[in-house]
Amino acid sequence: MDQNLIQVLQFSASVLSGLLVLAALFLLWWKSHSPWLLLAIMAAGISLLFRLAFAVAPAALSSTPVLLLVWPLTGLVMAGGLLGYAVLESGRSSQ
């Protein structure tokens, strides 16, 4: 397979998965209006912006080590938001 085609497919799959996660979080937030989900949405959106920026200008991201640290932290913040929402909902359902 052509190397450019593989890169396009990798980028497309990465962005599509980010958009699907963002859509799922938004639908959950629309129903519950949980601040935890709002935190997860913001983090997922920032992570998606990093993915797009890395596809457009990989050298700019690679030359700034702080950005390469912040990008994975957005995933950690999103996971924390999901965990907060899960704990909140599990507490509500047990009452």
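Trainee: What makes H1 roughly antiparallel to H2?

Mentor: The angle. H1 and H2 pack at about 165 degrees, with their axes 9 Å apart. Axes are lines fitted to C-alpha atoms, for helices over the stretch in contact, and angles run from 0 to 180 degrees between N-to-C directions. Under 35 degrees counts as roughly parallel, over 145 as roughly antiparallel, 65 to 115 as roughly perpendicular, and the rest as oblique. H1 is therefore roughly antiparallel to H2. The model is predicted: local features need pLDDT of at least 70, side-chain atom pairs count only at pLDDT 80 or more, and totals for chains, interfaces and linings use all residues. Residues are numbered from 1 along each chain as its sequence is written, and side-chain values use heavy atoms, with hydrogens and water left out.

Trainee: What is the handedness of the H1 and H2 crossing?

Mentor: Left-handed. The term applies if the near helix is turned anticlockwise from the far one by less than a right angle; clockwise is right-handed.

Trainee: Which residues of H1 and H2 meet?

Mentor: Contact means heavy atoms within 4.5 Å. From H1, the residues include Phe11, Val15, Leu22, Phe26 and Trp29. From H2, they include Leu38, Ile41, Leu48, Arg51 and Ala55. By class, this contact has 16 nonpolar, five polar and one charged residues. Ala, Val, Leu, Ile, Met, Phe, Trp, Tyr, Cys and Pro count as nonpolar, Asp, Glu, Lys and Arg as charged, and the others, Gly among them, as polar.

Trainee: Why is Phe11 called partly exposed?

Mentor: Set its value against the cut-offs. Buried means under 20% relative accessible area, exposed over 50%, and partly exposed in between (1.4 Å probe, protein chains only). Phe11 has 32% relative accessibility, so it counts as partly exposed. Phe11 is in helix H1. Not counting residues up to four places away in sequence, Phe11 touches Arg51, Leu52 and Ala55. Its C-alpha atom is 9.5 Å from that of Phe54, 43 residues apart along the chain.

Trainee: Why is Phe26 put in the partly exposed class?

Mentor: Its relative accessible area is 39%, so Phe26 is partly exposed. Phe26 lies in H1. Phe26 and Gln7 are 19 residues apart in sequence and 28 Å apart in space, C-alpha to C-alpha.

Trainee: What makes the phi of His33 worth a comment?

Mentor: His33 lies in the loop between H1 and H2. Its phi is near 55 degrees, a positive value in a residue other than glycine. Most residues other than glycine have a negative phi.

Trainee: How do you know that H2 and H4 are roughly antiparallel?

Mentor: Helix H2 (residues 35–56) and helix H4 (residues 65–93) pack at about 155 degrees, with axes 8 Å apart. H2 and H4 are therefore roughly antiparallel to each other. H2 passes H4 in a left-handed crossing. The contact includes Trp36, Ala43, Ser47 and Phe54 of H2, and Val70, Trp71, Met78 and Leu88 of H4. Its classes are 17 nonpolar, five polar and one charged residues.

Trainee: Which residues make up the largest nonpolar core?

Mentor: A nonpolar core is a set of buried Ala, Val, Leu, Ile, Met, Phe, Trp, Tyr and Cys residues joined through side-chain atoms within 4.5 Å. Here the largest has nine: Leu25, Trp29, Leu37, Ala40, Ile41, Ala43, Ala44, Met78 and Tyr85. H1 (3–32), H2 and H4 each give two or more residues to this core. H2 supplies the largest share, five residues. Met78 touches Val21, Leu25, Ala40, Ala43 and Ala44, not counting residues up to four places away in sequence.

Trainee: Why is Leu82 called partly exposed?

Mentor: Leu82 has 32% relative accessibility, so it counts as partly exposed. Leu82 lies in helix H4. Leaving aside neighbours within four places in sequence, Leu82 is in contact with Leu25, Leu37 and Ala40.

How values were computed:
Helix = DSSP H or I, 4+ residues; strand = E, 2+ residues; numbered from the N terminus.
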